[in-house]
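Reader: I have a protein to look at today. Could you show it to me and explain the terms as we go?
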Amino acid sequence: MSLIESGLFKPQLLIDGIWSAAADGSVFAVENPATGEVIARVADATPADAGRAIMAATRAQIAWAETSVLERSRLLRKWFDLVMLNQDALAKILTIEQGKPLAEARSEIAYGASYIEWFAEEARRIYGDVIAPPENSTRILVIKQPVGVVATITPWNFPNAMLARKLAPALAAGCAVVAKPAAETPLSALALGQLALDAGIPAGLINILPSTHAKEIGEAFTSNEQVRKISFTGSTAVGKQLITQCAPDVKRVSLELGGNAPFVVFDDADLDAAVEGAIASKFRNAGQTCVCANRFYIQQSIYDTFCEKLISAMKGFSIGNGLDNGITIGPLISNRAQQKVQALLDDAISRGAKIACQAMQDDSWQAGHFFPPTLLVNVPTDARLTCEEIFGPVAPMIPFETEAQVVQFANASEYGLAAYLFTRDAKRIKRLSDQLQTGMLGINTGLISNAMAPFGGIKQSGWGREGSRYGLDDYVNVKYLCESFS
Ligand code: ADP
């Protein structure tokens with residue numbers, strides 16, 4: 001079945017349950033990052049479209065907030081079932097617009113869907129409280145109410161999952177959403193929207209506005225008083241701007257921003273497990289995840305052995321068009337991304353780092369935005385890539401001597417999203433769990449993300465948590481009722 005026949009290839013705006021063109025009729029091209037081919041011309045939403053979507057969401061939210069949690073739960077469940085039923089078509093759309101290998105794209109669809117499934121269940125567990133009052137003649141009740149209309153802005157690295165994990169808790173809580181996906185990857189978001197309609201989720205609850213006018217759409221969201229919350233996943237720089245834009249009417253803000261994850265391996269670790277963890281956390285999505293290992297700190301006595309083992313594992317990579325069989329690493333998203341990774345690599349080399357392993361360039365890479373997976377040794381601690389997010393398949397190896405020293409290295413960052421620790425020493429695990437400044441810590445694993453767990457960061461990595469029972473907190477207001485019986 002072709003993508004067109006799947007009914008999920010929707011290059012338009014979704015407003016109030018209707019597919020429509022942009023107010024000014026404009027469209028933009030979406031390219032396959034592996035080939036440079038234009039795969040779609042998508043309606044390019046304007047601020048006027050955003051205004052229309054916010055009005056539709058405002059209307060829809062009032063009715064939605066009145067539905068029972070059981071009804072919300074059942075509709076979310078139906079949506080989850082449809083997403084999984086269409087996993088193959090959704091994965092294909094994801095691969096052609098984002099570049100990741102098809103197997104990874106299938107995993108992302110299942111991962112995104114797991115948030116819909118989780119919040120279909122959590123919708124039924126929006127608990128309040130009854131609190132002991134100061135006098136017996138009163139009663140203190142606490143109820144949770146939907147925040148209202150939520151605007152989401154999501155990135156291109158997980159175009160399905162980053163949106164699903166905002167839409168699902170928002171709908172579970174009784175909110176409506178206006179969503180702006182990244183212009184590089186709008187089609188995955190739009191396909192999710194079609195499946196929500198197919199599931200019977202009422203019109204106007206999910207509005208999707210692909211657009212190249214990111215700043216203007218962001219301003220249309222933040223300046224509209226009907227929008228009571230912004231949920232953003234993306235760069236720290238844009239997150240800071242959105243905080244400022246939300247200040248005038250004190251909108252709630254959730255932010256999942258940049259990371260700079262340290263990956264720490266002690267000499268008592270299971271090195272094979274550490275290599276497996278390194279491959280998963282560094283090279284998944286060609287290194288383009290916010291929880292990617294960004295800096296590897298390896299204890300001196302095992303430094304050479306670890307690097308050799310990792311190099312040998314990297315030799316197994318197969319780099320190319322994600323639609324081809326057996327491909328494990330796809331392209332980067334854009335030419336700009338390629339240039340940024342190259343600049344960070346050049347900076348490290350100019351400060352004394354050495355390339356210990358780099359995949360051979362291939363002619364088939366010419367039209368796409370490929371970057372060869374690279375392992376760097378002798379990386380000095382002042383190299384830019386130890387403090388900036390690399391977002392590419394470059395693994396910098398830095399030796400350390402003592403636990404105290406590596407804790408200092410790891411915490412010397414303005415970010416605090418994820419960290420990884422490999423050791424067999426239980427007391428060390430306890431100490432570092434306490435000391436590492438991070439929102440999430442993988443202990444003897446490189447894969448930490450799932451719908452049951454609270455995903456999010458500290459420091460400049462953001463505010464709020466996504467997934468888990470904490471994930472609903474961002475979409476509800478707490479209301480305290482004081483009842484007097486005197
Ligand atoms: P990246 O560099 O990874 O693309 P961005 O933070 O620029 O990270 O992008 C994440 C999301 O934020 C995308 O949907 C993008 O279109 C959007 N975006 C970029 N700039 C702005 C802005 N000034 N206001 C609102 N959204 C923005």
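Author: Accessible areas come from the Shrake-Rupley method with a 1.4 Å probe, and for residues only the protein chains shown count as cover. The protein exposes about 19300 Å², and carbon and sulfur atoms supply 53% of that area.

Reader: What kind of model is this?
Author: This is a predicted model, in which local features need pLDDT of at least 70, side-chain atom pairs count only at pLDDT 80 or more, and totals for chains, interfaces and linings use all residues. Residues are numbered from 1 along each chain as its sequence is written, and side-chain values use heavy atoms, with hydrogens and water left out.

Reader: How many helices and strands does the protein have?
Author: There are 14 helices and 22 strands. These are DSSP runs numbered from the N terminus: helices are H or I with at least four residues, strands are E with at least two.

Reader: Changing topic, where does Ile319 lie?
Author: Ile319 lies in the loop between α11 (300-314) and α12 (335-350).

Reader: Is Ile319 buried or exposed?
Author: Ile319 counts as buried because its relative accessibility is 17%; buried means under 20% relative accessible area, exposed over 50%, and partly exposed in between (1.4 Å probe, protein chains only). Buried residues make up 57% of the 486 residues in the protein.

Reader: Which residues does Ile319 touch?
Author: Leaving out residues up to four places away in sequence, Ile319 touches Ile327, Ile329, Ala359, Trp365, Phe370 and Pro373. Contact means heavy atoms within 4.5 Å.
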